[in-house]
Amino acid sequence: MEGCSEPRLDAKSELVDFQWKLGMAVSSDSCRSLKYPYVAVLLKVADHSGQVKNKCFEMTIPQFQNFYRQFKEIAAVIETV
Amino acid sequence: MAAELEGSKALGGLLSGLAQEAFHGHQGITEELLRSQLYPEVSLEEFRPFLAKMRGILKSIASADMDFNQLEAFLTAQTKKQGGITSDQAAVISKFWKNHKTKIRESLMNQSRWDSGLRGLSWRVDGKSQSRHSAQIHTPVAIMELEIGKSGQESEFLCLEFDEVKVSQLLKKLSEVEESISTLMQPA
């Protein structure tokens with residue numbers, strides 16, 4: 001479909017490695033008193049051809065806690081299926 | 001100074017406009033737009049330094065992420081300065097910061113994040129059933145879709161598949177992150 005922004009759900013990748021870092025942004029040029037903690041994540045994902053790519057992103061603490069909570073739900077569901 | 005500039009009615013609107021331009025990345029807010037909308041009786045020559053003063057005050061407050069004690073002290077000092085602000089204006093600025101602090105802080109945090117952020121997350125669990133060629137029955141699989149993207153750029157979608165073992169492994173790593181966060185958040 002032309003111009004369709006739907007994700008390609010058939011292109012599933014496998015998570016090969018999950019690396020994380022808990023950082024604290026202290027100060028920046030636009031804000032001298034930032035003081036916010038964040039979780040930086042590096043995912044190594046392998047597509048169906050076996051090619052491994054790195055994907056990085058950051059989460060705020062509330063975002064991470066939501067991510068963790070959702071993943072615990074996945075774990076609970078997958079056990080019962 | 002023009003009497004209109006000493007008033008405080010239009011100041012709330014001015015601060016909103018300044019915040020949109022300085023923090024929330026709104027492009028079209030010029031000084032002429034602000035003047036004509038909020039202080040139409042004031043000349044541009046008089047308006048310009050007034051705008052610069054208010055912008056400076058707002059940026060100082062945001063940059064220092066002032067709490068209410070600091071804000072009080074800062075604004076009081078501004079009212080005592082030569083060419084400073086009136087106490088009515090200080091009250092308007094104080095109210096503005098209290099109402100918009102969280103949103104402004106969020107924008108400042110986003111501005112300083114140059115890596116991708118997590119924009120969305122969805123998932124489902126499928127139960128794989130028996131196939132013709134494999135003896136595998138009932139291996140559940142979790143499919144997670146992550147939407148990530150950099151500020152101002154289109155999202156990238158990442159679709160990951162996990163079996164039970166992989167879910168368990170990742171869960172363990174996530175609990176390590178959670179533990180680190182708890183340690184960090186503990187009072188020293």
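User: Which residue is the bridge partner of B:Glu147 in S3(B)?

Analyst: B:Phe157 is the partner of B:Glu147 there. A quick note on the ground rules: this is a predicted model, where local features need pLDDT of at least 70, side-chain atom pairs count only at pLDDT 80 or more, and totals for chains, interfaces and linings use all residues. Residues are numbered from 1 along each chain as its sequence is written, chains are lettered from A and ligands numbered from 1 in the order in which they are written, and side-chain values use heavy atoms, with hydrogens and water left out.

User: What makes S2(B) and S3(B) a strand pair?

Analyst: Strands here are DSSP runs of E, at least two residues, while helices are runs of H or I, at least four residues, all numbered from the N terminus. Two strands pair if DSSP finds at least two bridges between them. S2(B) (residues 139-149) and S3(B) have 8 bridges in the antiparallel sense, so they pass. They form a hairpin with 6 residues between them, and B:Gly152 in the turn has a positive phi of about 80°.

User: Why do S1(A) and S3(B) count as paired?

Analyst: They share 2 bridges, in the parallel sense, and at least two are asked for, so they count. A:Glu14 stands opposite B:Glu161 in S3(B). Within chain A, S1(A) also runs antiparallel to S2(A), with 11 bridges, and A:Asp17 stands opposite A:Lys44 there.

User: Why is the contact of A:Asp17 with B:Lys173 called a salt bridge?

Analyst: The rule wants a side-chain nitrogen of Lys or Arg within 4 Å of a carboxyl oxygen of Asp or Glu. For A:Asp17 and B:Lys173 the closest N and O atoms are 3.7 Å apart, so the pair qualifies. A:Lys55 and B:Glu156 also qualify, at 2.5 Å from N to O; that pair crosses from strand S3 of chain A to strand S3 of chain B. The count between chain A and chain B is 4 salt bridges, and over all chains it is 12.

User: What makes A:Phe64 and A:Tyr68 a stacked pair?

Analyst: Rings of Phe, Tyr and Trp (its six-membered ring) pair if their centres lie within 6.5 Å, and planes under 30 degrees apart count as stacked, over 60 as edge-to-face and the rest as tilted. A:Phe64 and A:Tyr68 sit 5.9 Å centre to centre with 20° between the planes, so "stacked" it is. Both lie in helix H1 of chain A, 4 residues apart, about one turn of the helix.

User: How many residues put the two chains in contact, and how much area is buried?

Analyst: With contact meaning heavy atoms within 4.5 Å, chain A gives 47 residues and chain B gives 50. Buried area is the accessible area (1.4 Å probe) that two parts lose on being put together, summed over both; here that comes to about 4700 Å², 71% of it from carbon and sulfur atoms. A:Trp20, A:Phe71 and A:Ile78 supply 14% of the area that chain A buries against chain B, more than any other three residues.
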